[in-house]
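Opening my notebook on this one.

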Amino acid sequence: MGSVQDEPGRVEALGRLCRFRREFYDCLTRRADALFEAVEAVLCTDGPVRTLVDLTLAPEHRRGHGALYDGLNSGRLEISRLRRTLAGLALPTAADGRLVLAVDVSPWLRSDAPTSADRLFCHVHGRAKNQAQLIPGWPYSFVAALEPGRTSWTAVLDAVRLGPDDDATAVTADQLRAVVGRLTAAGHWHDGDPNILIVMDAGYDVTRLAFVLADLPVEVLGRIRSDRVLRLPKPPRQPGVNGRPPKHGPEFALDKPATWPAPQHTTTTHTSRYGQATAASWDRLHPRLTHRTCWLDHSGDLPIIEGTLIRLQVDHLPGDRDPKPVWLWSSAVDATAADIDRAWQAFLRRFDLEHTFRLFKQTLGWTRPKLRTPQAADRWTWLIIVAHTQLRLARPLARDLRRPWEKPAPPERLTPARVRRGFRNIRAIMPLPASAPKPTKAGPGRPPGSRNYRPAPHHDVGKTTRRELTMTAHQQQKG
């Protein structure tokens with residue numbers, strides 16, 4: 001791969017990667033060597049990771065298969081310290097210097113694991129259009145920083161497993177608040193900088209998150225369903241009119257164009273992938289809230305959460321020549337035409353996170369291990385995040401080891417899979433924090449012919465805490 005002394009930028013990149021590996025090793029407080037070499041095996045194995053046993057055959061993993069399973073089941077990782085380390089790394093920003101974060105949930109499906117606890121019914125899209133199903137598994141909420149332009153790279157900052165007692169919106173709000181706090185403490189945002197933009201898909205209650213995170217320097221942008229009904233700002237009160245003034249304006253039904261007033265801004269942009277993109281925006285639209293679901297325990301009058309509504313219409317999509325419009329809602333008000341274009345373009349960058357999920361599952365083997373406990377699954381999830389972070393830091397050091405049938409790619413356009421092909425060469429010039437294994441022999445194990453008299457308990461799937469949806473049911477609930 002040549003000498004690393006050829007370019008000063010490569011020396012700095014190598015120093016950042018070595019520091020991160022050292023800090024990651026310091027976060028491992030139990031079974032540190034086994035867990036560290038598990039990440040090394042994930043990064044240096046040829047081809048996709050299929051089983052944990054195959055990882056132990058890699059030269060980078062100098063221990064037996066029992067040490068790998070023992071590290072995942074009994075190891076210890078200081079996740080809070082690792083989160084601060086990830087937040088302290090250099091992060092990509094948009095053209096205006098703004099941080100763009102994406103939040104999404106990806107499931108680790110475990111339909112064949114009745115002895116695994118804390119499984120939920122995960123929504124999984126089917127291969128056919130408009131087909132989906134619910135499969136037991138562990139859902140994980142990821143937060144990642146997005147890069148500008150079309151790319152398959154993201155900077156994963158956090159991961160939280162949703163449990164049976166958790167409310168998804170509340171967990172997401174706490175997760176985003178913690179991530180923004182760590183980014184601010186690391187110096188990624190200062191007073192006077194543009195607000196951090198958080199993009200999400202239609203599965204989130206974007207207006208609730210905008211209300212909960214209103215005290216943070218963030219702007220929330222999310223897709224909403226095309227059958228929603230919002231309210232326009234209340235009209236000015238006319239002189240001489242008696243009675244209580246209205247709290248909401250006329251209805252704005254997204255599926256009824258007759259209820260749409262003239263948009264404040266309309267922009268047209270030509271794209272190479274979607275053809276002509278037309279965005280129309282309406283300012284200060286808000287939902288009419290009621291004392292239901294997450295607003296049951298709200299004291300006092302329900303708030304009016306105003307934002308900007310955006311309707312995005314493109315000419316075509318890959319494989320779909322008649323696409324439906326996309327409706328977006330942003331917590332920012334009084335947005336300009338440039339803000340509208342920046343918002344919908346940032347939302348399209350949210351799909352880069354899907355490339356990261358596919359890399360996690362198909363190449364790095366995130367969901368391949370058959371782990372029993374959710375705590376071991378959490379450790380393995382963070383090991384995969386560490387492996388992906390090392391690939392991102394190794395981008396300036398990697399060479400294009402392409403297959404004969406693949407097209408050449410410039411160094412700045414290498415995908416994570418191509419960087420992983422040459423990571424074994426990069427590892428050879430870096431120090432190894434893990435110590436050499438001590439010689440030992442295998443334990444006796446269970447005597448042949450003996451039975452297991454302590455079978456693992458079975459656990460039900462689904463939520464364990466029922467939350468009432470209406471005020472009447474909430475008031476009639478005992479206790």
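Ground rule before anything else: I call two residues in contact when they have heavy atoms within 4.5 Å. Helices (H or I, at least four residues) and strands (E, at least two) are DSSP runs, numbered from the N terminus.

Housekeeping: this is a predicted model, where local features need pLDDT of at least 70, side-chain atom pairs count only at pLDDT 80 or more, and totals for chains, interfaces and linings use all residues. Residues are numbered from 1 along each chain as its sequence is written, and side-chain values use heavy atoms, with hydrogens and water left out.

**Entry 1: helix 5 on helix 10**

I looked up which residues join these two helices. On the helix 5 side I found Ile79, Leu82, Arg83 and Leu86, and they meet Trp382, Ile385, Val386 and Thr389 of helix 10. Sorted by type, the residues of this contact are six nonpolar, one polar and one charged. My classes are: Ala, Val, Leu, Ile, Met, Phe, Trp, Tyr, Cys and Pro as nonpolar, Asp, Glu, Lys and Arg as charged, and the others, Gly among them, as polar.

The axes of helix 5 (residues 79-87) and helix 10 (residues 374-393) come within 12 Å and cross at roughly 20°. That crossing makes helix 5 roughly parallel to helix 10. Axes here are lines fitted to C-alpha atoms, for helices over the stretch in contact, and angles run from 0 to 180 degrees between N-to-C directions. Under 35 degrees I write roughly parallel, over 145 roughly antiparallel, 65 to 115 roughly perpendicular, and the rest oblique.

I also noted the hand: helix 5 passes helix 10 in a left-handed crossing. Left-handed means the near helix is turned anticlockwise from the far one by less than a right angle, right-handed that it is turned clockwise.

Which residues of helix 5 are buried? I get Leu82, Thr85, Leu86 and Ala87. Buried is under 20% relative accessible area, exposed over 50%, partly exposed in between (1.4 Å probe, protein chains only). These buried residues pack against helix 1 (8-27), strand 2 (76-77), strand 6 (154-161), helix 6 (168-185) and helix 10.

Beyond its neighbours within four places in sequence, Gly88 is in contact with Ala186 and His188.

**Entry 2: helix 4 on helix 10**

Helix 4 (residues 65-74) and helix 10 have axes that come within 7 Å and cross at roughly 110°. That makes helix 4 roughly perpendicular to helix 10. Gly71, Leu72, Asn73 and Ser74 of helix 4 make the contact with Ala376, Arg379, Trp380 and Leu383 of helix 10. The tally is four nonpolar, three polar and one charged.

Is Gly71 buried or exposed? I have it as buried, because its relative accessibility is 0%. Setting aside residues up to four places away in sequence, Gly71 touches Arg31, Leu35 and Arg379. The C-alpha atoms of Gly71 and Phe36 are separated by 9.4 Å, at 35 residues apart along the chain.

**Entry 3: helix 9 on helix 10**

The axes of helix 9 (residues 352-363) and helix 10 come within 11 Å and cross at roughly 115°. I therefore log helix 9 and helix 10 as roughly perpendicular to each other. Helix 9 passes helix 10 in a right-handed crossing. Thr356, Leu359 and Phe360 of helix 9 make this contact with Ile384, Ile385 and His388 of helix 10. I count four nonpolar, two polar and no charged.

**Entry 4: the cores**

How many residues does the largest nonpolar core have? It has 82, and Phe24, Phe142 and Trp380 have the most contacts inside it. Helix 10 gives the most to this core, with eleven residues. My core is a set of buried Ala, Val, Leu, Ile, Met, Phe, Trp, Tyr and Cys residues joined through side-chain atoms within 4.5 Å. A second, separate core of 41 residues includes Val103, Met200, Trp295 and Leu302.

Asp118 is not a glycine, yet has a positive phi of about 65°. I find Asp118 in the loop between strand 3 (100-109) and strand 4 (120-125). Asp118 counts as partly exposed, because its relative accessibility is 28%. Asp334 also has a positive phi, of about 55°, and sits in the loop between strand 14 (326-330) and helix 8 (337-349).
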